[in-house]
Amino acid sequence: MNARDIRGTRRVATVAAVDNSLYAAAPKIYPQSVHGTFRRIKWALLVVTLGIYYFLPFLRFDRGPNEPDQAVLVDLAHRRFYFFFIEIWPQEVYYFTGLLILAALILFLMNAVAGRVWCGYLCPQTVWTDLFRAVERLIEGDRRERIHNDALPLTAERLARKALKHFVWLMIAWWTGGAWVLYFADAPTLVRELATFQAPAIAYISIGILTFTTYALAGHMREQVCIYMCPWPRIQAALTDENALNVTYRYDRGEPRTSLKKAEVLRATGGRAGDCVDCGQCAAVCPMGVDIRRGAGLDCIQCGLCIDACDTVMNKIGRPPRLIAYDTDVNIKRRLAGLGNVYRLLRTRTVLYTVLIAVIGAIMLTSLATRNNLGVAVMHDRNPLYLQLADGSIRNAYMVRILNHTTATSSYVLKVKPFTPANVTAIGTGKSKDGWPKVEIGPDQTYELRVLVTLPASASSVASRDITFQIINKTSSQIATARDHFLTR
């Protein structure tokens with residue numbers, strides 16, 4: 001076997017090895033910068049969303065004495081969540097459930113109206129990746145320069161640029177992680193503690209984890225997160241329909257595609273030429289490396305940058321814009337049939353989502369607006385359920401938990417209906433003027449009270465009955481009630 005045969009054998013073996021491989025390395029994407037309407041929208045949303053995320057912990061809100069003044073705070077130590085004037089207690093976790101349901105329905109509605117708007121404009125992965133790409137472009141140049149430089153051996157200048165890029169990325173990632181922990185403590189205080197290395201270890205660990213994940217996801221993994229890690233592209237495909245607006249290549253107008261010169265010749269001789277000049281700008285600006293002319297597949301996040309790129313080309317060659325646009329499958333079929341465009345915003349799914357959002361939102365708002373600053377929960381003793389004393393009287397025991405949601409110490413009276421004060425004893429408390437048990441509870445505290453309800457021996461012949469525990473705030477006259485049972489057999 002001569003040298004040529006050996007090289008040929010090695011080449012065949014290499015090709016066979018590649019063909020049998022189950023792994024295909026993702027090609028590096030070099031999205032080109034673009035200007036236009038959708039790019040400006042994305043910049044505006046990036047500034048607004050990141051501005052809210054980074055600076056919201058420093059916003060103050062006066063809730064009165066003994067209350068934190070941070071507008072948005074997750075107070076794990078005291079098990080509270082504060083959002084401006086709203087304070088959520090652990091037992092009110094159903095509000096978070098309601099918010100999650102609302103968020104899911106809003107996402108469904110957005111998808112039914114305009115496809116993957118969330119993915120293209122608002123998803124944290126999209127926003128931070130956009131920011132990291134902007135830094136990369138600023139330091140290492142635009143698409144062509146980076147492709148050219150990456151094909152050359154590494155020089156000292158390029159090494160310095162790459163080092164600067166990664167340093168800035170790490171600073172953004174660190175700031176991202178740092179902003180996150182500020183939602184869990186008083187922000188100015190925690191910043192001071194972090195700077196002087198007096199903050200809790202968990203704060204430094206959390207910042208380190210979030211710095212790493214932000215740097216890895218937005219700086220290196222980028223589109224791979226959307227394609228392989230995120231479940232939403234697969235879910236949304238089942239939630240869309242042919243009336244949903246999606247970024248669409250209008251092939252009814254763009255085909256047959258050809259070069260600009262050939263298109264002019266064809267039109268001059270009465271031939272048909274599409275508006276697409278096959279310049280490839282729509283694919284060059286795509287952060288996902290998608291050629292929208294092949295259809296909006298799983299990879300397309302519907303960011304609209306290809307619309308800006310195509311409009312720029314159309315303006316230069318004197319053709320109408322929006323060869324790529326937000327459009328529906330229905331309209332393409334209608335235009336091919338010689339009919340005009342229609343858009344059905346009111347469809348069964350959009351109406352259903354809107355109604356559900358309105359109903360759930362109204363329930364949550366009503367619940368928040370009418371909720372009491374006073375709460376009570378009752379637990380009946382299980383073993384035994386009732387007790388017959390030596391004199392024949394019947395006694396039931398209960399654990400009563402009273403919740404004072406106010407910011408001041410308050411005095412409360414406990415009544416148990418339909419009994420009289422003589423039937424009710426609360427261990428370790430005083431009595432009100434009319435003989436009912438009374439207790440003082442500090443601000444933002446709960447108080448557990450053991451209550452004994454006793455009926456005379458004659459009650460043993462009476463059937464078990466429903467009873468009501470009533471807690472009355474002596475200052476505000478607010479009342480909270482809880483129902484239970486008095487058992488006699």
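Tutor: Gladly. Let us begin with an open sheet: 5 strands are ordered S11-S12-S9-S14-S15, with antiparallel pairing. This is a predicted model, in which local features need pLDDT of at least 70 and side-chain atom pairs count only at pLDDT 80 or more, while totals for chains, interfaces and linings use all residues. Residues are numbered from 1 along each chain as its sequence is written, and side-chain values use heavy atoms, with hydrogens and water left out.

Student: Why do strands S11 and S15 stand at the edges?

Tutor: Strand S11 (430–431) and strand S15 (479–486) each have a single partner strand, so one side of each lacks a neighbour in the sheet. Strands (E, at least two residues) and helices (H or I, at least four) are DSSP runs, numbered from the N terminus.

Student: What makes S14 and S15 a pair?

Tutor: Two strands pair if DSSP finds at least two bridges between them. Strand S14 (residues 465–473) is joined to S15 by 8 bridges, so the two count as an antiparallel pair. Asp466 stands opposite His485 in S15.

Student: Which strand pairs with S8 over 2 bridges?

Tutor: Strand S7 (residues 387–388), in the antiparallel sense. S7 and S8 form a hairpin with 5 residues between them, and Gly392 in the turn has a positive phi of about 90°.

Student: Why is Asn149 called buried?

Tutor: Buried means under 20% relative accessible area, exposed over 50%, and partly exposed in between (1.4 Å probe, protein chains only). Asn149 has 16%, so Asn149 is buried. Asn149 is found in helix H6 (residues 143–150).

Student: Which residues touch the most other members of the largest nonpolar core?

Tutor: Trp128, Ile292 and Ile324 do, in a core of 62 residues. Helix H15 (residues 305–317) gives the most to this core, with 7 residues. A nonpolar core is a set of buried Ala, Val, Leu, Ile, Met, Phe, Trp, Tyr and Cys residues joined through side-chain atoms within 4.5 Å.

Student: What is Ile324 in contact with?

Tutor: Leaving aside neighbours within four places in sequence, the contacts (heavy atoms within 4.5 Å) of Ile324 include Val247, Tyr249, Ile292 and Cys310.
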